[in-house]
Amino acid sequence: MKVTEYDQFNEKSYQTKLDNGLTVTLLPKDGFHKTYATLTTNYGSIDNTFVPAGSDEMHRFPDGIAHFLEHKMFEKEDHDAFQTFGQYGASANAFTSFTKTSYLFSASRNLRENLTTLLDFVQDPYFSKATVEKEKGIIGQEIEMYDDDPSWRLYFGMIGNLYPNHPLQYDIAGTTESIAQITSEDLYAAYRTFYHPENMTLFIVGNLNPDEVLTWITANQAAKTFEPFTPIERKLPATVADGHDIIPYRTIDMPVNRAKSIVGVKGLVPIEAGATALKYRATVNVLLELLFGDTSKNYLHLYDQGIIDDTFGYDFELQNDFNFLTLSGETDDPAKFDAAIIDVLENWRDVVNDQDDTLALVKKEMIGRVVFMANSLEAIANRYDQRLFGAATIFDEPAVIADLTLADLQAVAEQLLTSQAISEYQIRPQAKN
Amino acid sequence: MQTQLAKGVQLTTVISHQFKTNQIIVNFRAPLTRATITQRSLLANLLETSSADYPDQRTLANALARMYGAAFGAGVSRKGPTHNLQLAITVANERFLATDQPLTNQAIDFLQRVMLKPLASAGQFDQVTFDRQKTNLEAAINSVADDKQYYASQQLNAALFAEEPAQQMPSYGTIADLQAITATGLYDYYQTLLQDDQIDIIVVGDIDEDAVLQQWQQAHFEDRLTGRPRPFYQHHNTQKYVEQQEQQPISQAKLNLGYDFPVFYRGDHYYAALIFNELFGGSPLSKLFTNVREKASLAYYASSSIDTFRGVMKVQAGIDGDNHDQVLQIIAAQLTAIQNSDFTDDLVAQLKLGLVNDFESSLDSQRTFAIQALINDLTQEQVTDAEWLARIQSVTRDQIIEVSKLATLNNGFFLSGVTE
């Protein structure tokens with residue numbers, strides 16, 4: 001195992017790649033009672049067109065299939081994985097994002113049994129026509145629940161603006177119509193393609209002994225056979241370099257009391273995985289803090305004018321194939337909100353210059369926040385992303401933040417904050433009759 | 001370590017080396033009354049964004065950033081018949097940063113300034129800041145209803161506590177009450193609060209207890225002349241089911257049910273009730289999850305929760321509006337099944353293990369210490385970890401059946417889509 005020591009934080013990570021291709025990372029936390037483990041495949045909602053393992057033709061699968069597969073992994077011929085975790089007292093769950101599906105548990109006891117359960121249920125698929133049909137009612141309700149959620153609609157409305165020709169625009173769970181088409185054969189095809197250990201990572205953090213845990217995992221994996229791994233061929237549309245496909249503005253009505261608005265900026269340049277990506281994300285986060293954080297002049301100015309309030313927030317999403325940033329909030333006047341936010345974005349040079357020492361302060365703040373995250377097993381595990389950042393953990397981030405310069409920020413702002421990449425989406429209160 | 005700084009003012013310090021941050025929490029606790037809920041909510045917003053030494057958010061945010069991004073917040077909550085206004089600050093332990101800044105000392109100093117020196121002069125809060133926060137709170141209360149599940153649960157709460165206006169209200173207040181509040185009136189109320197509220201201060205982390213104590217002694221709190229608020233409110237059992245219905249243009253219907261369930265925190269039946277709730281709808285192994293979701297495929301979520309400070313249980317499910325009767329029937333059948341002893345001992349053993357796991361896992365959150373210290377003070381009782389575990393383990397099947405019979409369905413709120 002490769003050991004990385006983070007002396008400043010008194011933390012250590014252990015990493016190895018098993019013979020079958022599975023990447024394992026272990027991060028013991030002294031004094032903690034529970035252990036949190038995530039088994040993740042690089043397969044998410046955007047991967048709906050790919051060459052299935054054993055075939056040589058590109059095939060388009062129904063939207064929502066990765067998420068559907070996630071639900072169905074738990075159900076076996078004669079039991080449910082939730083029940084097995086229940087026998088060992090673990091709390092289990094799973095989630096699907098744009099690019100990943102993760103299965104997880106947290107438990108204060110029976111670590112070996114729970115770990116075995118996690119590996120075994122994810123590596124032993126069982127799908128049947130009857131169980132697939134039954135799930136459609138449950139996921140149908142999940143989709144309807146999100147349909148009524150204004151924040152979700154706002155976010156996906158913006159993604160639809162930025163990516164009108166990309167599978168990102170589809171809801172992670174798909175639609176009632178798309179999931180109706182999913183068959184157990186589809187699920188097996190997706191499973192065989194993406195659930196090979198070579199395409200997966202296991203991250204365990206908390207109460208654990210690294211040597212002992214690795215022995216268990218190795219024995220469990222050695223007892224299973226896998227087909228040789230064939231590199232995955234996904235089909236994703238390329239980013240349109242000048243952003244001319246972006247829909248600049250849309251609005252919808254919903255039964256809400258207060259309007260909600262979101263401004264999005266699409267990254268038009270793909271970011272290289274690894275150290276570059278880690279630095280890029282840190283740079284954008286510092287940039288956003290300078291432009292819109294509560295330590296900024298802009299924030300106070302917009303707040304005092306009533307343009308933004310405590311609901312204002314922003315987020316930068318960086319993945320292997322795309323990146324975009326969003327700024328959103330509730331507002332009485334969406335047009336005014338959008339105009340004010342766009343004004344700050346387009347005039348970033350007024351803020352990102354060498355006139356003051358705010359950069360040093362923001363860096364200090366963000367480094368401190370990494371220390372906060374060290375308390376949370378979930379934060380440590382969920383921030384890990386092998387495909388995007390390699391072996392890096394959150395404890396690698398402070399050094400990256402500390403090294404950032406004004407020139408780094410300027411270069412990223414120059415590239416990211418371009419007018420043709422900006423879009424607006426608004427939810428307005430539906431007239432009551 | 002526990003110290004009484006004055007009558008009704010407690011300081012609890014907890015040394016823990018598990019976390020890389022230190023946390024300081026101040027709770028102001030008072031009896032829940034309709035007249036003060038909204039004022040306290042507005043106070044939380046004012047204290048979170050301004051004080052005499054940090055007159056606007058930027059100054060305040062900069063002060064926090066200088067403490068390596070200390071996290072500061074104010075909030076309100078209800079626990080039975082008490083209302084709690086909380087100020088909390090979390091700060092990194094400087095050992096993990098290349099600095100000799102005494103961060104915990106600075107954080108306590110910051111909190112004391114915010115608490116004791118509000119942005120006010122001539123007997124009133126700064127008018128501009130007050131007006132801004134009043135406007136923002138009104139907008140926030142207004143948009144709460146945009147979360148339909150939350151809205152439905154609020155409506156159920158209002159129906160369930162029809163006999164007591166203060167229990168009906170959300171802990172963040174109402175727009176009607178907000179409109180009457182003035183910068184002068186609120187300042188007067190804050191002075192009363194500082195004098196009369198029970199105050200619990202909790203400091204958790206790798207701390208120097210004596211230094212912390214000394215720092216808090218310098219705040220010179222005065223004795224409270226008020227008594228301790230009661231810890232529990234007892235819901236009134238109507239003995240009959242009444243359902244309110246409302247339609248809105250939404251996709252998914254929300255069915256919310258409220259039960260009278262006279263079980264109180266650490267009282268008779270309490271540990272059995274925890275297991276009963278897990279069995280009925282509190283876990284993925286529960287009757288509701290298994291039958292409403294997994295078997296009948298009628299919902300993505302169908303769950304139960306108990307409030308042992310008010311003696312009620314609630315059920316919520318997101319369903320297709322047309323399935324209302326069927327879901328209601330399945331939910332009722334699950335409760336009857338438990339009352340008729342229709343569950344396995346294996347399942348009970350698993351649910352116990354699940355509760356033990358939740359309990360032990362909660363010890364990994366710094367916040368748990370503050371929550372527990374507050375409840376201990378509220379109920380004037382302490383239970384060790386070992387005792388808690390032993391009591392869960394000792395719950396019998398008969399006790400679960402017995403406690404399940406205490407649940408009486410009283411109210412329902414059904415929010416459904418508009419049928420066209």
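I started with helix α10 of chain A (residues 297–304), where Asn298(A), Tyr299(A), Leu300(A), Leu302(A) and Tyr303(A) are buried; buried means under 20% relative accessible area, exposed over 50%, partly exposed in between, with a 1.4 Å probe and protein chains only. Helices are DSSP runs of H or I with at least four residues, strands are runs of E with at least two, and both are numbered from the N terminus.

A note on the source: this is a predicted model, in which local features need pLDDT of at least 70 and side-chain atom pairs count only at pLDDT 80 or more, while totals for chains, interfaces and linings use all residues. Residues are numbered from 1 along each chain as its sequence is written, chains are lettered from A and ligands numbered from 1 in the order in which they are written, and side-chain values use heavy atoms, leaving out hydrogens and water.

Next I looked up what covers the buried residues of α10(A): the cover includes α9 (275–292) and α11 (334–346) of chain A, plus α1 (34–49), α2 (57–66) and α4 (127–144) of chain B. Just after α10(A), I noted that Gly306(A) has a positive phi of about 75 degrees.

**Ile341(A)**

I checked Ile341(A) for contacts (heavy atoms within 4.5 Å). Leaving aside neighbours within four places in sequence, Ile341(A) is in contact with Val263(A), Phe292(A), Leu302(A), Ile308(A), Phe312(A) and Leu327(A).

**α9 against α16**

I then took α9(A) with helix α16 of chain A (residues 406–416): they pack at about 90 degrees, with axes 9 Å apart. Axes are lines fitted to C-alpha atoms, for helices over the stretch in contact, and angles run from 0 to 180 degrees between N-to-C directions. That makes α9(A) and α16(A) roughly perpendicular; the class covers 65 to 115 degrees, with under 35 roughly parallel, over 145 roughly antiparallel and the rest oblique.

From α9(A), the residues that meet α16(A) include Tyr280(A), Val284(A) and Leu287(A), and on the α16(A) side they include Leu409(A), Val412(A) and Leu416(A).

**Leu27(A)**

Is Leu27(A) buried or exposed? Leu27(A) is buried, with a relative accessible area of 0%, and lies in strand β3 of chain A (residues 23–28). I found Leu27(A) and Val205(A) 178 residues apart in sequence but 4.6 Å apart in space, C-alpha to C-alpha. Not counting residues up to four places away in sequence, what Leu27(A) touches includes Glu11(A), Phe203(A), Ile204(A), Ile380(A) and Phe395(A).

**Domains**

Last, I looked at how chain A is divided: domain 1 is 2–222 and domain 2 is 249–429, with bounds from an automatic or database domain assignment. Their centres, taken over C-alpha atoms, are 27 Å apart.
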